[in-house]
Structures are given as structure tokens and as C-alpha cells.
Amino acid sequence: MHLKYESTLREPLVDGEKNYHQVTEDIISPIEAKPGKLWYVGFFISLLLLAFGAFSVTWEVYYGTGVWNLNKTIGWGWDITNFVWWVGIGHAGTLISAILLLFRQGWRTGVNRAAEAMTIFAVMCAGQFPIFHMGRVWMAFFVLPYPNTRGPLWVNFNSPLLWDVFAISTYFTVSLLFWYSGLIPDFATVRDRAKTKLRKLLYGIASFGWTGSTKHWQRHEALSLVLAGLSTPLVLSVHTIVSFDFATSVIPGWHTTIFPPYFVAGAIFSGFAMVQTLLIIVRKVLNLEEYITMGHMEAMNKVIVLTGSVVGCAYLTELFMAWYAAVPYEFDTFYKFRAAGPLGWSYWIMMTCNVITPQVFWFRKMRRNVAVTFVMSIIVNIGMWFERFVIICTSLYRDYLPSSWGYYRPSWPEVGFYMGTFGLFFTCFFLFAKYFPVIAVAEIKSILKTSGENYKRGMEQYEGQSAEQFEKGLHHDDHHHDTHGAVAHAHN
Amino acid sequence: MKDQFVVPARLKRTSFVLMGIGLLTLLIGLFAFHGEHGSTRFWAGLLQNSTFFLLIVLASTFFIGATTLAHGGWQIGFRRVPEAISMAVPYLGAVLFVILMLIVFLEKEHIYHWINAHHVAEDPILSWKSAFLNKGMFTGFAAVTIGAWILFTIKLRRMSIEEDGWDLSPATGRRIIWRNTVMCGGFIVIYALSVGSTTPWLWLMSIDAHWYSTMYSWYTFASTWVSGLALITLFVVYLKRNGYLPMVNEEHLHDLGKFCFAFSIFWTYLWFSQYMLIWYANMPEEIVYFKPRVWGEWRPIFFLNLLINFITPLLYLMKRDTKRNYSSMVFISIVIIAGHWMDFWQMVGPGTYKELVFPWYELGLGVGFVGLIILLVANQLTKAALVPKNHPYLKESIVHHT
């Protein structure tokens, strides 16, 4: 059965009259043109932020972590908050490329490339925080287990912080490979269209001599499948291990069994919000509204309302158990230091942004509204930043010894460091948007004949048929293209 | 097209025999287990079986809800199967409600320690919890949640059958999608707030009334959801074997197999997260739950649980061929259901009758419930065509390629 059919009630994933050539034109031509003025302005601002970040970090390394406002109870502050926030954002890329692939969600093809790029840049940003939190950053390689002359002194394999080192470096490697292997055929397309010698050379190197032969495609497909298989557990494992950083401890507010799945849901939640923020701008600037349609944004908004509600359920479960457990320390952390107390405001920002406001996406009108989606995507990421702040700081700032209790606000190098990672992220993203195909050309082509608007018109003829008629037609078709059918079967 | 199910006499007979075994076991149990402590096992067995079997048939309603909200097309070819299974919810819901009420109002304190007012008064932790763990709250939650599940299940089934009388026009198709989406949205919210939170706390976690775990309900959900998927698979294969569901083929079976594989791993993920975090922190108020299970008599069951519910489906379903073969899917589905039944057994047993014994009574009751489910589902399958012929995604299900 090789009939390309999809219900006409599903909206097309590619709008307009498109053929394969038009798809290439639409997506590749921005790479070949000079970037607009806005691109230069944006890129320059990103570089400035990056420079300020580098300055703040240099300041911190030179004078030591004492320049941060960490204090007796707050051993982790903005640094680890930002670390978890960035790692979480990365999750959407992996979810889209691996899990949505397994679920056969065709709409992933419009957004996967940019989401995977976002993942890689976000993980790069995240990685900075634990490294510079070490203070004596030149000894950062001590976290790697290798036979050494220090005793030999080994890393603590019982520590979730070490598991984090493994989890995140694996995650980064696999995401990078997945992203890059998808890029190879598209780079070859850019190379083949190149008018200048330099472009031909550079994209030629980047595409590893891809010729598009059947053998190449076969190996490419096999590699994608293996990498998708590897990435699937990574979607769960990375944030699970980040949650272990907290939950394996015995600190009230941190030690709770629901943390792993709830962290993963929250990570996907914030990741999708960041994808929305970026793609709403990208589709507008690069005129890609026919490929990143309202349907794509609606699908992502559904993921946002789902994961936001899962997170909401987890918040309420925690809150309930803090009472139900009948442990006075848990009770105080949640009801006196989180929902109330000097840092209580952060808890209510978190609740509002993550649980209450995303509920607007129960309504179709809201899910399909670009302005609402854009504002919500930012609100969600503010909320998710505060979630990490709440978990880390409101659990720490009042410990068992009231004489150590204090308040916490960041110093300028802490804020500067955070701003610097925005600089790093957007510098990378601007370069990506200029030099890389922001949509996976080859993958769009793979769904075009099933989900393209002009192709879907041809499917209307089937809609009135009864199931029997439709099935009979299929078998009839099979007889005519016998060899074809056999090939399709063998392939699948 | 063979589209109208007729219950074969053999199936009916089998279901009655199984129910007979269940009733007989119940009667023997009534005489074998009496006295204050003795009757504990009688009630614990009923509680374990009725919660487990209700939640796995309710998983069919959840299956319809989740696939509808996700705009799935592949499952429409056999959608009538989870619909029929879900229609067991009203019956099993009623059975469970009666059992819960008897346990609470006959004050079976060895099932739920918090029922006994004296106990509560002497125990500061139980008195702290008494705002939640009390008869009124328990009854109210049970009535409201079971009632809501029944209402939504019946409504979804009715809508689906009603749509058979409609037509194939796009406007009708849109209407079908819309009203099912709205109804399923409502159900999912109810389901998440009950099965995903309060229900397992009250019915099962409160057996170990001092203990708590925020993961508990999600863990219970995962256990019943994967078993529910296995149950759907069993009925799909049964119908297929008897010449029904011509549009369903190994492509659909393959996807059900993938679901069983994925959610077995998901269950293990939640199992590991709950266990590992409690083991690692090693706090007295938390490890008390795992003491009898890991370091007491129940130790073999603890490991068997992992072996059957994780290792077996992981290795068995990893290969493509096993997911596309009717016999092998029947085998693994039975293993999964039995494995999670055992999971429920180790959730209930150690906190109630404490000692590990051969569960002849619990198994006998389980067999009875299986018979009841077969009878109810077979009967429901006859009540409508086996293919929802006007569903706009039906043709996608026909051309489905996994």
C-alpha cells in the first residue's frame, strides 16, 4: 500500500502550491542573499551581551566566587538556577527529533532543525554555569574520571553531580551528531546551488561529499534511526539526573520522589516555549510562514498546555504531600518559606506563569493567535526560570539554624554571567539562521506529497468513499504496481 | 465484511467458568479468613483485585481520550475494542465502590489504620492527617471520581455509536472530531486529577498510613496504563483470530506492541525514580515502606516484579517480529497483565496481612474478575458495528503503516 493519503480534515503542513524545487528555493535562498539590517543589529547586540558576559566571568574567576552573593545558606543561587533553566530549554529539540519521530508526528519536520540547533546552543550555555561555579576553573578537568597522580584521587561516583557530567556531555554529543547528520543532505543542496567558489568549497566540506546516491540515503536513514534510538532515553535521562542533584539530598523541598518525571515535563514545557519564541521571529523574518504554519504553532501550544498542566499537578502534589507527610520541616519549607516569607513572591510568579496562564491554550482561538503565543512563550520561560529559583533558593535560604537565615539577591557579576549566556545563545542562533537551512529541506520533501496543500486536494476524491470501497481501491492499486508494492514492503 | 460480533458459546462458557471460580474462591475465603486479623486477607484481596481491574479497564477510556486529543488516526480501525472494554467501568466501578464502603464502614482497621478513631487519637501523625484520611472524605472522593469516570465513559461510547448513523461528509467529520475532542478534554482533566493524584493516595497509599511518596499516583497510573494497553491488545487479537476487524493488521498490532514496550520502560522509570530516591536518602519515615518489601519476606516478589515487568517486555518486545506476531503479542500481554497484578499484590499485601503466602485466594478472585471482564466486553462488542464507519480518520487507519 503506497497510496499517499491523509484525511483532508487535517490541515496541510506545507501551505501554497509547492513542488520539490520550490521548497528548495524558499528555504535555501535566504542563505544565498545578504542578511538584512535587522540581522546585523541583532547580531551586534548579541555580541555585546556575550562580551559583557565574558567580562563578568573574568571578574569572577580573577576575584573568586566571593564576588557572587552566595552566602551561608544559599550555596547555589543564580548560577545553578540558570544552569537548570538552560538545560531544560534544550529538551524540546531532542523531544522533537526523537520522540515525535517515534510518534510519527509529521509536523516535526517544519520545526526540528531550529529546535535541535536551539538544543545545542542551550546546552552550551548551561555548561558554563557549573564550570565557572567551580571557582578555580582551570581545575575543571578534575570532574573527569581518569587514572591520575593525585593519590590517585577518583571522582565520587556516588554523586549525582558527577552523573550530570556524564549525562550532559553524552546529551550534547548525541544532539550534535543528530543535528549534523540531518544537515548533511541540505548542505549538499546549498553546495550544488552555489554560485561562488568559496561557498562551494565550504559547503562541500560541510556536506562530507554527499552525492545523494541511494547508498548514501540508506546509510543516512540507518544512522538517523540509531541516533533517534539513542536520543529517546536521553530526553528522559538528562533532566532526570538534573533532578537527582536535588532529590537525592535530604533537604526539605528537594527530597521528593516525583522530581524526575516532573523535571522532564517542565523541561519540555520551557523548551517548547523557547522554540515558539524563536520560530515566531524566524518565520516572519525569513518569510517561512508556509512551512511553519499556524498548525505547527497550535501543535506546540498543545504540548505547552499539556506539559504545563503536568507540572501544575506536580506542584499541587508536592504542596499536598508537604502537609500530608506530617514532617514539620517539609511543612515549613512549603507553607512558610515558599508560599510565604521574604522570597514568597517568587513562588507566586512561578505558579502564575507556569500553571495558570498556560490554561488559555485550552482555547483554539488562543492557540492560533501569534501575538498570544509569543507573549505566552516568554511568560512560560519567565515562569520556568522562577521554578528553578524557587526550588533552589527558597529551599535553602532558611535552614535548620535561624541565625544563618538571610535574604538573597544576585550581585552584578551573577547577572552579567546570565546575560552573557544570552549573548552566546543568540550569537550562535544568528549565525545558524544566516548560514544554515533553518528548516530541514529533505524532510519537508518527505512529507510534501502527503501533507502539502496542493497534494491534499487530490485526496478529496477518497473522502466520500466507504471503507470497503476505499480498501478495494487499494488492493486494485496493488495489483497494478506489483513490483512497487513489493519494494515498499521490503523497505518498511 | 464481518462487522457484527456474535458471542461464541465457548467464550460465554469460559467466562462463566472463570466467574464461578472467582465466586467459589470468595466463598472459601469468607470461611477460611475470619476473626479480627483473619478477615484482613479477605478484604485486602478484594481491594487489590477490584482496584486493579477497574483501573485497567478505565485505561481504555484513557486510551480513547489520549488518542482523540492527539488526533491519532491509526487506532480508529479497532476503536470499538477499547470502547467495549471501557464499558466495563460502570460495573467494576460499582463493585469497587461497594467493597470500599464495606471496608470503611465495617471499620476494617487492618486495611486502613486511619479508620479506627482510637488509633487516630493516640497517633499524632494520623491525627494530623485526619482532615484528609477520614470516612467522609474517602467516601466523597470515591463517589465523585468513580461517578465521573462512569459518566464520561458512557457518554463517549454513546457518541461513538450515534455517529454510525451520520454520514461521510467533511462537515460531519469536523463535527465528530470537535465534539469528541471536547468530551475527551474533559475526561482527561478528571482522569489526571483522580488517577494521577488523589485516587491512589486514598485507596492504596493510605494502607501504609504513615508513609508518603509524591510519585505514588503516577507510578500506579503507569502500572495500570501499560496493563490496559495489553488488555486492548488481547481483545484485538481475539477478534482478529475470529475473522473480525479486517482492516486491522500487523501494522496496528506493531504499534500496540511499541506502546507496551515503551510504557513498560516508562513504568520502570517511575519505579526506579521512586525507589532509588528513597533508598539513596535513607530516611526512616520513607524507607519504612520498602523494609518488608526489600528486606523482609517479600524480597523475592520485589525482584520478580522487576524481572517480569521490566526485563521481560524489554527483551521480548525489542525485536520487530515479536510485535508483529499475534501469538507472541498474546503471550507478552498476558505476562504484562499478570506482572502488574503482582505489582498491585505487593502494594497491598505487606501493609495489610504482612506475611508472604501463596496467593491462591487473590489469584482466584483475579480469575473471577477476568471472567467478568470477558463477559461484559463480549456483550458490549455485540452492541455496535466493529468499525466506526463514519469516523473521518478511519481511512488513515486503513492505510496505516507503522
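Of the 402 residues in chain B, 62% come out as buried in this predicted model. The chain is built with 17 helices and zero strands. Its radius of gyration is 21 Å, close to the 21 Å that the globule rule gives for 402 residues, so chain B is as compact as a globular protein of that length. Taken along the principal axes, the C-alpha atoms of chain B fill a box of roughly 70 × 45 × 40 Å. As for how the chain folds back on itself, take the contacts in chain B with a separation of 6 or more: 82% of them link residues 24 or more positions apart.

Then there is the partner, chain A. About 4700 Å² is buried between chain B and chain A, and carbon and sulfur atoms give 70% of that area. On the chain B side, T214(B), W218(B) and K395(B) lose the most area to chain A, together 16% of what that side buries. Counted by residues, the contact takes 55 from chain B and 54 from chain A.

Polar links turn up here too. Between the two chains there are 16 residue pairs in polar contact, both residues being at pLDDT 80 or more, and the salt bridge count is one. That salt bridge joins the side chains of E396(B) and R10(A), at 2.7 Å from N to O. Several helices of chain B each supply at least two residues of the side touching chain A, namely helix 6 (124-129), helix 8 (170-203), helix 10 (250-281), helix 11 (284-287) and helix 17 (394-398). Helix 10 of chain B gives the largest share, twelve residues. By type, the chain B residues on this side split into 35 nonpolar, twelve polar and eight charged.

Key
Residues numbered from 1 in each chain as written. Chains lettered and ligands numbered in written order. Heavy atoms only, no water. Contact = heavy atoms within 4.5 Å. Buried area = accessible area lost by both parts, 1.4 Å probe. Salt bridge = Lys/Arg side-chain N within 4 Å of Asp/Glu carboxyl O. Polar contact = N/O pair within 3.5 Å; in protein donor to acceptor, adjacent residues only side chain to side chain. Helix = DSSP H or I, 4+ residues; strand = E, 2+ residues; numbered from the N terminus. Nonpolar A, V, L, I, M, F, W, Y, C, P; charged D, E, K, R; others polar. Rg over C-alpha atoms; globule rule 2.2 N^0.38 Å. Buried < 20%, exposed > 50% of the residue type's maximum accessible area, 1.4 Å probe, protein only.
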